[in-house]
Amino acid sequence: MFRLLSKEIDLLKKKQIPYCEIQCDDCRKVYRFREDRVPDACQCYKVNYKANTWNEIAGYNGLYEVSTSGIVISTGNKSNSKTIKQLKPFVSGSGYPEVILCKDGITKHHTIHRLIMEAFIENTESKPQINHIDGNKTNSVLENLEWVTASENQIHYIKELKCK
């Protein structure tokens, strides 16, 4: 999981230097540790990012990416060399998970299901709404989402979900 930035670990064990630096292979975050307290796993992420498919979020010039499983990350940009960070979603008053994205000092709320659909599924028929197939507003994985009209969304609710 970690890649040594130098041969510092040997010197650290011999107590010739006060700390060592290691870098996570997945997120590229650099950690600085004292003595022999070097962890075997990165603490900044709880999921395996390589198992997901990622696309950039349109309109943010590579600052953010979304995965098919509903994870949104801030990739930063090369000019300020920010590390990758997972954004923590919150549930809006309507019950949908949202994140706040920022560009040029302007922040905007985005529902995660809409970010996923706009990044991965082209809306060729210009349908305005997104249906959660299983009826769970918080289940924003790509396989559970589809573009629909307002009437298709209502019909799905009445036929598939209300009767259960």
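V72 makes contacts (heavy atoms within 4.5 Å) with I57, E65, V66, K85, Q86, L87, V99, L101, I112 and L115, leaving aside residues up to four places away in sequence. That's a handy way into this predicted model, whose largest nonpolar core has V72 among the members that touch the most others.

**Ground rules**
- The model is predicted, so local features need pLDDT of at least 70 and side-chain atom pairs pLDDT 80 or more, while totals for chains, interfaces and linings use all residues.
- Numbering runs from 1 along each chain as its sequence is written, and side-chain values use heavy atoms, with hydrogens and water left out.

**The core**
- A nonpolar core here is a set of buried Ala, Val, Leu, Ile, Met, Phe, Trp, Tyr and Cys residues joined through side-chain atoms within 4.5 Å; buried means under 20% relative accessible area with a 1.4 Å probe, counting protein chains only.
- The largest one has 18 residues, and I57, Y64, V66, V72, V99, L101 and L115 touch the most other members.
- At least two core residues come from each of β5 (64-67), β9, α2 and β12 (145-148), with α2 giving the most, at 5 residues.
- In soluble globular proteins, nonpolar side chains tend to be buried together.

**The sheet and its helix**
- Helices (H or I, at least four residues) and strands (E, at least two) are DSSP runs numbered from the N terminus; the protein chain has 3 helices and 12 strands.
- Strands pair when DSSP finds at least two bridges between them, and β8-β9-β10 is the order of an open, antiparallel sheet of 3 strands.
- β8 and β9 (residues 97-103) share 2 antiparallel bridges, and F90 stands opposite E98 in β9.

**Whole chain and confidence**
- Of the 164 residues in the protein chain, 34% count as buried.
- Mean pLDDT (the predictor's per-residue confidence, from 0 to 100) is 77 for the protein chain, and 63% of its residues reach 70 or more.
- Residues 1-6 have pLDDT below 50, with 25 contacts in the model beyond near neighbours in sequence.
- Residues 44-49 also stay under 50, with 13 contacts beyond four places in sequence.

Terms used:
Buried means under 20% relative accessible area, exposed over 50%, partly exposed in between (1.4 Å probe, protein chains only).
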